[in-house]
Amino acid sequence: MKLLQSKKAVRQQVLKWRKASETIGLVPTMGYFHQGHLSLMDECRRHAHRVMVSIFVNPTQFSPNEDLESYPRDIERDLELAREHGVDAVFLPDDNEMYDPDHCTWVIVDNLTKGLCGRSRPGHFRGVATVVAKLFNLIQPDAAVFGQKDFQQLQVIRRMVADLDFAVKIIGCPIVREADGLAMSSRNAYLSKEERRSAVCLFQALCLASRLVKEDGATSCAQVKAALKERIESFPFTRIDYIFTGDPENLMPLEEVKRPLLVALAVFVGSTRLIDNIII
Ligand code: AMP
C-alpha cells in the first residue's frame, strides 16, 4: 500500500494506474476508522481496479466553535486497517498541502444545504463540497463511495457532480451500526459510559418512526416528530438539534407522510452531536 502525502505524488500514482488502463475508486474520509469506513473501502473495490482512501480532517468544514482540534486521530491504526482491506493507496495530506494560504474559491451547493445540518452548521457543506471537488479534480476517480450515515452530504455530492459535470459515479453505502443500533461514528469516542447508553436514543427513535408509518399508518409528520421528540427526551443527557421528516431527493420538509420518507435526526448527547437517519 502506497502512502501519498503530496498532490504531486497522487498525480504520479494516478498517471501510472491510468497508463495501465486501471480504473480508480476513491473513499474520502477524516480517518479514525471504524467498520463503517471499512465497508466503504470493501464496496469501492467492487467498482474499480484501484482503491484510494483519503484521510484529511478538513478544517474548512468545521465552524470555529466545533471540534476540529479534538477530532479523534490514529493514523498508524488507520493505515494498518486500510492495508488489511486491500487499499492500494492512502492520500494523507496536511492542511498546507491541501489549501494554499490564499485559497478563496468555494463550491456552494444551494437549496439542499439550507435545512438539516446546513442550518445548524453554517458553512459546513461549503467546506465539504469544496474539499471533495478538489479531491475529484486531483484524483479523477471513476467512482467515489460515501455513507448514507451522512445522507445530506451524499445528496449534496450527487448534486455537485451532476451540476459541475464531474465524470465520477457516486455510490451510497448503508449505515453500519453497533450491536444496539447506534450508528458507528468516529465521534462516538467522545461519549462517556453513561452518555453511550443514551446514544441509542437516535436509533430507537428511528425505529419508532418506522413503526408509526409502516404499522400504525401515521399520516401527520408533526405527530411522528412529536412522538420521536418524547422518546429521545426520555433519555438523560440528550438535547435535540433537529428532527426532520421530508423528501429524500430534494430534502424538502413534508407535512403529510409520503413514502419514501426521510427521517433524519441530530441530537446532542452530552456535548457530542450525533446524527442518524432512515428512509421509510
Ligand atoms: P468521516 O470520516 O466521518 O468523514 O466519514 C467518511 C465516510 O464514511 C463518509 O462517506 C461517511 O458517510 C461514511 N460513514 C461514516 N460513518 C458511517 C457508518 N456508520 N456507516 C456507513 N458509512 C459511514
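Ser21 sits in the loop between α1 (7-19) and β2 (24-29), where helices (H or I, at least four residues) and strands (E, at least two) are DSSP runs numbered from the N terminus. Its phi is near 60°, a positive value in a residue other than glycine. Heads-up: this is a predicted model, so local features need pLDDT of at least 70 and side-chain atom pairs count only at pLDDT 80 or more, while totals for chains, interfaces and linings use all residues. Residues are numbered from 1 along each chain as its sequence is written, and side-chain values use heavy atoms, with hydrogens and water left out.

**Another loop**
- Pro260 is in the loop between β7 (238-246) and β8 (262-269).
- The peptide bond from Arg259 to Pro260 is cis, with omega near 0°.

**Ligand site**
- The ligand is surrounded by 18 residues, counted when a heavy atom lies within 4 Å.
- The closest are His37, Gly147, Asp150, Val176 and Met184.
- On the polar side (N or O pairs within 3.5 Å), a side-chain N or O atom of His37 is 2.8 Å from a ligand oxygen.
- Backbone N or O atoms also sit by a ligand nitrogen: 2.9 Å away for Val176 and 2.8 Å for Met184.

**Helix pair**
- The axes (lines fitted to C-alpha atoms over the stretch in contact, with angles from 0 to 180 degrees between N-to-C directions) of α9 (residues 201-214) and α10 (residues 221-233) come within 9 Å and cross at roughly 150°.
- That makes α9 roughly antiparallel to α10, a label for angles over 145 degrees.
- In contact terms (heavy atoms within 4.5 Å), α9 residues including Leu208 and Leu212 meet α10 residues including Leu228 and Ile232.

Methods. Angles under 35 degrees count as roughly parallel, over 145 as roughly antiparallel, 65 to 115 as roughly perpendicular and the rest as oblique. A polar contact is a pair of N or O atoms within 3.5 Å; within protein, one must be able to donate a hydrogen and the other to accept it, and residues adjacent in sequence count only if both atoms are side-chain atoms.
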